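Please examine the sequence and the structure displayed below.

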Amino acid sequence: MSEKKYSKKHEWIMLDGESATVGISKHATEMLGDIVFVELPEKGKSLNKEEKAAVVESTKAASDVYTPVSGEIMETNQPIVDDPSNVNKDPENNGWFFKIKVKDKSELDSLMSQPDYEKFVKDNPN
Amino acid sequence: MEKTALYNFHKNLGAKFVPFAGYEMPIQYKDGIVKEHINTRQSAGFFDVSHMGQFFVSGGRSTELSLEKIIPLDFKEIKMNQSKYSFLINDEGGVIDDLIITRVENGFNIILNAACKDNDIKEIAKCLNSESKYELRKDLSLIALQGPKAETILETIIKGVKELKFMNGNYFKFLEKKIYITRSGYTGEDGFEISVPNVIVENLIKLLTDKDAKPIGLGARDTLRLEAGLCLYGHELNQEINPIQANLKWAISKKRRETGGFKGWENIKKDLQNGVSKIRVGVKPTGKIIAREGTKIYSNTGEEIGIITSGTYGPSVNSPVAMGYVKSKFSEIDNKILIEVRGKKHEAKVSKLPFYKKSYVK
C-alpha cells in the first residue's frame, strides 16, 4: 500500500495496486457533524476526477463527495449505508466509501500528503 | 450581529455558532445534534432562546379588542396566566408570525420569532390605541428547559414550578428577582420556558448544568420540533400561507372562526367553508432518503402536487421526517406519494403528525 493522500474537497485516497480506496477525512466529518445518510455510487460506474461520486447528509444539510481520481467503481462500503454513524466513528479506516479502479495513477500526484493536508485545513478553516 | 447575554457561556461550553436572524446563536455544542436531541428526549436539555422577542402589551379591554384585530383569539377566554398559540394575521389572512401569548398582570406577554419581531411590533402597534402601552423586553433572557427530567430539575431550583399546568405560567422568585415561568416549549417534550433578567440568567444556567441538564443548540431544536410536527416560521408558515392551509385551524378560537372580525377574515372564511386547495402534511420517506426543504412532491401517477418545507433525519424515530404542502386531495394519511431528490423519485407516504408523540402534563 502506498501513502494516503488528500484532496482539497476533503476526500482521502489510498492506492493499493491498480485500485484505490476513497473516503472522507476526519476533518470533514467534524465539520459535517453527525452523518445520518450516505448514498454510494453504483458498481461499474465510470467517473472522472473530481466528479460527484457519493452523497453524505448530516441532520443539517446534504454534501457531495467527489472522486479524487478517474476510474471505475469496483466496490462500495454497505455498512456505512446501513449505519451512517460508522463514518463518524472511523472516517479514515472502516468508514471508507468506495474502491475505484484507477485509470491514471499520475492523477494522484496533484493530491496532498497528510502533513500538507493538515496545513491546508489550518489555513482554510471552513 | 447581536449576541445573547449567554454568548460567552456558550463559547466556553464549546458551542459552534451560526448567524440566525441577526444573532450569533449556538447551532450545536460538543456532543453534536443527535446526542443533544436524544438527551432532550431522555433526560433534559436547556436552550437559549433569548433571540426571540419578549413583547409586553399593557392596557384594558380596549387593548384586548385592538389585539383581536390582528390575533384571531377570543381574548375573553384567555384566563390569567394562561398561554395560547396563535398568529399575527395580515390583510389576506397570511401569517405575519406565529406566537405564544400569555395573560399576565396588567396585560399580555407575547413571544415573537427573532427574525420577525421588529416587523411584528410595527404591525401590532398599528392596531393599538393610545391607551395601550408596549415594550420589547431586551433586559430579559428566555431559557427553555425541556425533557422528562425538566420538572424534577427545575423544582429543586425554583419551588412550585411542578404545580404549573401545560400552557400555564406564573411569577416565581429567583435570586430575589421576579421571574416568569410557563409550562411550554417547542420540542414535543414536557418542559418550561423561563423569562429571566439578563443579569441573573447565567446563575440560573449554572444551576441547571449542575443538575445535569445539557445545553442544546438550534440544530437539535429543529430536529425536535420537526419530529413533534411543529411549524417553523419561514418554512411551514409565511405571509402567503394562512392558518387553515397550515392545518392550524385549532389556533384560531372557536368563536373567532364563527364571527371573524380580524384581518384577512374574508379569505379565511372562504377556506373554512370551502376547504383549502393545499394543506400542510407530514411526509415520511419509505427508505432512508432525506427530503430537504424545496424538494418537489409528486402523486404516484407523477403529477406534481406540492413541496417540502422542512426535512431532516429524526433521531428518535430513526428515520427521515419532513413536512410540506400538497394539493388537498392528496393529503389523506398513508397516501402514497413520491419525492424527487437529486433527480430521482423516491417513495414516501403522507404521515400523521406528530412523528414522535409524548404526553404533555395536563
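## Strand S14 of chain B and its partners

Strand S14 of chain B is joined by six bridges to strand S17 (residues 319-327) of chain B, and the two run antiparallel. Within this pairing, Val281(B) stands opposite Gly324(B). A further four bridges connect S14(B) with strand S19 (residues 344-351) of chain B, again in an antiparallel arrangement. Here Gly282(B) has Ser351(B) of S19(B) as its bridge partner. Two strands are said to pair if DSSP finds at least two bridges between them; helices (H or I, at least four residues) and strands (E, at least two) are DSSP runs, numbered from the N terminus.

Strand S14(B) covers residues 278-285, and seven of its eight residues are buried, so the strand is largely enclosed by the rest of the structure. A residue is buried if 20 or more other C-beta atoms lie within 10 Å of its own, exposed if 12 or fewer, and partly exposed in between, with C-beta atoms placed from the backbone.

## Basis of the model

The model is predicted: local features need pLDDT of at least 70 and side-chain atom pairs count only at pLDDT 80 or more, whereas totals for chains, interfaces and linings use all residues. Residues are numbered from 1 along each chain as its sequence is written, while chains are lettered from A and ligands numbered from 1 in the order in which they are written.

## Chain B as a whole

Chain B contains nine helices and 19 strands. Its radius of gyration is 20 Å, close to the 21 Å that the globule rule gives for 362 residues, so chain B is as compact as a globular protein of that length. The radius is taken over C-alpha atoms, and the globule rule is 2.2 Å times the number of residues to the power 0.38.

Along its principal axes, the C-alpha trace of chain B spans about 65 × 50 × 40 Å. Of the 362 residues of chain B, 49% count as buried. Among the contacts in chain B with a separation of 6 or more, 66% are between residues 24 or more positions apart; two residues are in contact if their C-beta atoms, placed from the backbone, lie within 7 Å.

## Arg257 of chain B

Arg257(B) belongs to helix H8 (residues 254-259) of chain B. This residue counts as partly exposed because it has 18 C-beta neighbours inside 10 Å. Leaving aside neighbours within four places in sequence, Arg257(B) is in contact with Ile252(B) and Leu272(B).

## Backbone features

Most residues other than glycine have a negative phi, and most peptide bonds are trans. Leu175(B), which is not a glycine, has a positive phi of about 50 degrees. Leu175(B) lies in the loop between strand S10 (169-174) and strand S11 (177-182) of chain B, and is exposed, with 11 other C-beta atoms within 10 Å.

Asn247(B) is not a glycine either, yet has a positive phi of about 60 degrees. Asn247(B) lies in the loop between helix H7 (218-227) and H8 of chain B and counts as buried, with 20 C-beta neighbours inside 10 Å. The peptide bond from Leu353(B) to Pro354(B) is cis, with omega near -5 degrees; Pro354(B) is found in the segment after S19 of chain B.

## The contact between chains A and B

Nine residues from chain A and 12 residues from chain B take part in the contact. On the chain A side, the elements that give two or more residues are strand S4 (35-39) and strand S6 (52-58).
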